[in-house]
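These are my notes from one sitting with a single structure, kept in the order in which I looked things up.

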Amino acid sequence: MFNRIALLTFVAFAALLNPGCTPPESMVSGKVTIEGGAPLKEGDIIFEDVDGKVTPVAGKIVDGAYSLKVLPGQKKVKILASRPTKVIDPVMGAAAREAMIGPEFNEQTKLTAEVKGGKQDGVNFEVKLLP
């Protein structure tokens, strides 16, 4: 009896460690535009599992486009973008940076995406610039 329990425990543990047990990542791509349709020049996009059990995946937004590998499932999406301020930091000798889109697109995001298996194009988002 002990050998059977030990064997079942070993098999269950090995299954958890086997990378073949996790679903394959999906290639997700799309556009991020500013209200009105212009592409967001640059920024970062983050896909987070809604239950927080899977490590978030981040990628760069370049000229409004992004592409990254994400595990399937329901995701919260955060978009971050910044711009230089008009004030020069005397220590750094350059302009500091400030957020250019509101918290409803990042810290307090309402954006979501359902990531399915395989390749998924056209997962697009629109953001609003802060004044």
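Predicted model: local features only at pLDDT ≥ 70, side-chain atom pairs only at ≥ 80, totals over all residues.

**Entry: overall layout.** I counted 1 helix and 10 strands in the protein, and from the N terminus on the elements run α-β-β-β-β-β-β-β-β-β-β. Buried residues make up 31% of the 131 residues. Of the contacts with a separation of 6 or more, 64% are accounted for by residues 24 or more positions apart. For the accessible surface I noted about 8,800 Å², of which 62% belongs to carbon and sulfur atoms.

**Entry: Ile-46.** I looked up Ile-46, which lies in strand β2, and found a relative accessibility of 17%, so Ile-46 counts as buried, the cut-off being under 20%. Leaving aside neighbours within four places in sequence, Ile-46 is in contact with Pro-56, Val-57 and Ala-58, and also with Lys-76, Val-77, Lys-78 and Leu-80. The C-alpha atoms of Ile-46 and Pro-56 are separated by 6.6 Å, although these residues are 10 apart along the chain.

**Entry: the core.** Which residues have the most contacts inside the largest nonpolar core? I found Ile-45, Phe-47, Tyr-66, Ile-79 and Phe-125, in a core of 22 residues. Strands β1, β2, β4, β5, β8 and β10 each supply at least two residues of this core. I then followed Ile-79, whose contacts beyond four places in sequence include Val-32, Leu-40, Ile-45, Ile-61, Phe-105, Leu-111, Phe-125 and Val-127.

Asn-106 is another residue that touches Ile-79, and its contacts outside four places in sequence also take in Lys-78, Leu-80 and Ile-101. Asn-106 lies in the loop between β7 and β8, and with 6% relative accessibility it counts as buried.

**Entry: aromatic rings.** I found 1 aromatic pair in the structure. The ring centres of Phe-47 and Tyr-66 are 6.1 Å apart and the planes stand at 40°, so I recorded the pair as tilted. Phe-47 sits in strand β2 and Tyr-66 in strand β4, 19 residues apart, and the pair thus links distant parts of the chain. Phe-47 is buried at a relative accessible area of 2%, and Tyr-66 is buried at 4%.

**Entry: salt bridges.** The count comes to 5 salt bridges. In one of them, Asp-44 meets Lys-60 with the closest N and O atoms 2.9 Å apart; because Asp-44 lies in strand β2 and Lys-60 in strand β3, this pair ties together parts that are 16 residues apart in sequence. Asp-44 counts as partly exposed at 25% relative accessibility, whereas Lys-60 counts as exposed at 57%.

Are Glu-48 and Lys-78 buried or exposed? I found both of them buried, and they form a salt bridge whose closest N and O atoms are 3.3 Å apart. This pair joins strand β2 to strand β5 across 30 residues.

The side chains of Glu-98 and Arg-83 meet in a salt bridge at 3.1 Å, N to O, with Glu-98 in strand β7 and Arg-83 in strand β6, 15 residues apart. Glu-98 is partly exposed, with a relative accessible area of 36%.

**Entry: a backbone angle.** Asp-63, in the loop between β3 and β4, has a phi near 50°, a positive value in a residue other than glycine. At 51% relative accessibility, Asp-63 counts as exposed, the cut-off being over 50%.

Terms used
Residues numbered from 1 in each chain as written. Heavy atoms only, no water. Helix = DSSP H or I, 4+ residues; strand = E, 2+ residues; numbered from the N terminus. Buried < 20%, exposed > 50% of the residue type's maximum accessible area, 1.4 Å probe, protein only. Contact = heavy atoms within 4.5 Å. Core = buried A, V, L, I, M, F, W, Y, C linked by side-chain atoms within 4.5 Å. Areas by Shrake-Rupley, 256 points an atom, 1.4 Å probe, with all protein chains shown as cover. Phe/Tyr/Trp six-rings, centres within 6.5 Å; stacked < 30°, edge-to-face > 60°. Salt bridge = Lys/Arg side-chain N within 4 Å of Asp/Glu carboxyl O.
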